[in-house]
Amino acid sequence: MKFSIYRYNPDVDAKPYMQEFDVALQEEDHMLLDALLRIKELDDTLSLRKSCREGVCGSDAMNINGKNGLACITKLADLEEPIVLRPMPGLPVIRDLIVDMTQFFEHYNSVKPYLINHDPLPETERLQSPEDRAKLDGMYECILCGACTTSCPSFWWNPDKFVGPSGLMQANRFIMDSRDQAIEERLENLEDPYRLYRCHNIMNCVEVCPKKLNPNAAIANIKDLKIARAKDKKPAKKIFGIKVG
Amino acid sequence: MLIELLTDKYPGMRFWLTQRLTALVMAAYLVLVILLLVIVQPARFEAWHALVSPVWFRLATILFFASLCMHAWLGVRDVLRDYVFNQGLRGYLQIIVDVLLVIYFVWLCFILWNL
């Protein structure tokens, strides 16, 4: 099977290049990750991240024939040859297929991805009704692989300012959590013109998500919530600098 | 109040919401125009003239174009923010767009008032 793989070792290479591989696969090699490990047997300098090899850890996200995905759950049979593999776009390359995800996790951290609840700790767990729990479905499953955020042009243009689909979906995951008490702060945290509003709904995130989640719907929900909550507030005195009340 | 979201306390939402509200105005105007055309079916100049001359229609048209200009201004502003990182260049491009939109709008008012 033919591969064309992005290679770059900053200690040795002046600039990145594509390396061709023609690898003989074994009968048990079904997934792209299996083939990559075969290639590693031929050339052990090829660098990539991997761990669970079953689409749960999110380590082996990469750009596969132009589309972000997880190597471990991408079937070889579905790919056109030569299979072109590149690191996820929009993040600095550390080596070969490994990218520096610091920026991605800084955005994740900025939405405070943990429960904020000021009530005294209960004796057991904080309970939720099955209906409230169901509101987290489609969001809590995110494995933070970065496939969505690094396929988002809004993130490419403003990686330091736009939180990105993954971070925004995690923001919505805690906004929607019935046990969380910081909805107002969370919504305010996303009011800057860049953090949330750079999303223009092109839906690359939905297209690539290996867990079939919908960050775009989560982003839309945040905007809808802002509108719904504003309806209860006092009327404004000034709109675009003009006094109205 | 929804209007709260248009204040400078919401530097992101006010522009996003304005773009949606102007889109609603444009959609309503288009429905109105299509209905009028279907009902009146103006074939000659006089019929067209009679259709667009009433003050209410001119005001509706001005409202439509004001929404269109605002909508376009916000759209171009978004594009410039996304793609033009040099603040100076972005400022100049924005001024060109602003001037063009003002010219278009004044031109439209001029046309409507000379019907």
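## Interface of chains A and B

Across the interface of chain A and chain B the rule finds 2 salt bridges. The rule asks for a side-chain nitrogen of Lys or Arg within 4 Å of a carboxyl oxygen of Asp or Glu. One salt bridge links the side chains of A:Arg198 and B:Asp82, at 3.2 Å from N to O. The model is predicted: local features need pLDDT of at least 70, side-chain atom pairs count only at pLDDT 80 or more, and totals for chains, interfaces and linings use all residues. Residues are numbered from 1 along each chain as its sequence is written, chains are lettered from A and ligands numbered from 1 in the order in which they are written, and side-chain values use heavy atoms, with hydrogens and water left out.

In contact terms (heavy atoms within 4.5 Å), 23 residues of chain A meet 24 residues of chain B. About 2200 Å² is buried between the two chains. Carbon and sulfur atoms give 61% of that area. Buried area is the accessible area (1.4 Å probe) that two parts lose on being put together, summed over both.

## Domains of chain A

Chain A is divided into domain 1 (2–99) and domain 2 (102–230). These bounds come from an automatic or database domain assignment. The C-alpha centres of the two domains lie 29 Å apart. On each side of the contact there are 13 residues.

The area buried between domain 1 and domain 2 of chain A is about 1000 Å², with 65% from carbon and sulfur atoms. In domain 1, A:Lys67, A:Asn68 and A:Leu91 lose the most area to domain 2, together 38% of what that side buries. A:Lys67 also forms a salt bridge with A:Glu207, the closest N and O atoms being 3.8 Å apart.

## Salt bridges overall

Over all chains, the search finds 19 salt bridges. One of them pairs A:Lys2 with A:Asp22, with the closest N and O atoms 3.6 Å apart. A:Lys2 lies in strand β1 (residues 2–7) of chain A and A:Asp22 in strand β2 (residues 17–22), so the pair ties together parts that are 20 residues apart in sequence. Strands (E, at least two residues) and helices (H or I, at least four) are DSSP runs, numbered from the N terminus.

## Helix pair in chain B

The axes of helix α1 (residues 13–40) and helix α3 (residues 55–83) of chain B come within 9 Å and cross at roughly 140°. Axes are lines fitted to C-alpha atoms over the stretch in contact, and angles run from 0 to 180 degrees between N-to-C directions. The residues of this contact divide into 18 nonpolar, 7 polar and 2 charged.

## Backbone exceptions

Most residues other than glycine have a negative phi, and most peptide bonds are trans. A cis peptide bond joins A:Glu81 and A:Pro82, with omega about -10°. A:Pro82 lies in the loop between β4 (67–70) and β5 (83–86) of chain A.

Terms used
Nonpolar A, V, L, I, M, F, W, Y, C, P; charged D, E, K, R; others polar.
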